[in-house]
Amino acid sequence: MAPSKKSKKNVESMNSRLKLVMKSGKAILGYKSGLKGLRTGKSKMVLIASNCPPLRKSEVEYLAMLAKVQVHHYSGDNTDLGTACGKMFNCSVVSIIDGGDSDILVSKE
């Protein structure tokens, strides 16, 4: 079944916002560093890949809830999330510290 046009547009929109964050803002890639950012209160938003293990996902969501940080469940897998960040490796958790020129922090999809 092919993805609908609207969902494809949302993915492209999120990818372009994420690319702008990586260029002009600050983001932490990775599970351990992301948790550290949540604990210290630096993170403003967390993106979790769709194929992130359930236990890891629930731990990140729990810490985000305690830190009052918004969580976005990225529709692609960890390879897509790493590629959207402009990296050549997989990444299951991305923690955004500073949005930069992007409007990723104010938009809630």
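Tyr62 is partly exposed, with a relative accessible area of 48%. Here buried means under 20% relative accessible area, exposed over 50%, and partly exposed in between, with a 1.4 Å probe and protein chains only. The model is predicted: local features need pLDDT of at least 70, side-chain atom pairs count only at pLDDT 80 or more, and totals for chains, interfaces and linings use all residues. Residues are numbered from 1 along each chain as its sequence is written, and side-chain values use heavy atoms, leaving out hydrogens and water.

**Overall fold**

The chain has four helices and four strands. Their order along the sequence is α-β-α-β-α-β-α-β. The radius of gyration is 13 Å, close to the 13 Å of the globule rule for 109 residues, so the chain is as compact as a globular protein of that length. That radius is taken over C-alpha atoms, and the rule is 2.2 Å times the number of residues to the power 0.38. Helices (H or I, at least four residues) and strands (E, at least two) are DSSP runs, numbered from the N terminus.

Along the principal axes, the C-alpha atoms fill a box of roughly 40 × 30 × 25 Å. Of the 109 residues, 39% are buried. Contact means heavy atoms within 4.5 Å. Among contacts with a separation of 6 or more, 77% join residues 24 or more positions apart. The accessible surface comes to about 6,700 Å², and 56% of that belongs to carbon and sulfur atoms. Areas come from the Shrake-Rupley method with a 1.4 Å probe; for residues, only the protein chains shown count as cover.

**Helix H2**

Helix H2 spans residues 31–40, and its buried residues are Tyr31, Gly34, Leu35, Gly37 and Leu38. Seen down the axis of H2, these fall within an arc of 160°, so they line one face of the helix. The arc is that of the directions from the helix axis to the C-beta atoms. An α-helix has 3.6 residues a turn, so residues three or four places apart point the same way. Cover for the buried residues of H2 includes strands E1 (26–29), E2 (45–48) and E4 (93–98), along with helix H3 (54–67). The face turned away from the buried side carries exposed Lys32, Lys36, Arg39 and Thr40. Gly41 follows H2, with a positive phi near 85°.

**Helix H3**

Tyr62 lies in helix H3. Together with Met65 and Leu66, Tyr62 forms a nonpolar surface patch of about 340 Å² accessible area. Patch residues have over 30% relative accessible area and no salt bridge; like charges are joined within 9 Å, nonpolar side chains (Val, Leu, Ile, Met, Phe, Trp, Tyr) within 5 Å.

Glu61 is also placed in H3. Leaving out residues up to four places away in sequence, Glu61 touches Ile48, Val71 and His73. Its C-alpha atom is 23 Å from that of Ser13, 48 residues apart along the chain.

Asn15 is found in helix H1 (residues 5–24). Beyond its neighbours within four places in sequence, Asn15 contacts Tyr74 and Ala84.

The structure holds one salt bridge, defined as a side-chain nitrogen of Lys or Arg within 4 Å of a carboxyl oxygen of Asp or Glu. Asp103 pairs with Arg17, the closest N and O atoms being 3.2 Å apart. Asp103 lies in the segment after E4 and Arg17 in helix H1, so the pair ties together parts 86 residues apart in sequence.

| Residue | Relative accessible area | Class |
|---|---|---|
| Asn15 | 18% | buried |
| Arg17 | 16% | buried |
| Glu61 | 28% | partly exposed |
| Asp103 | 39% | partly exposed |
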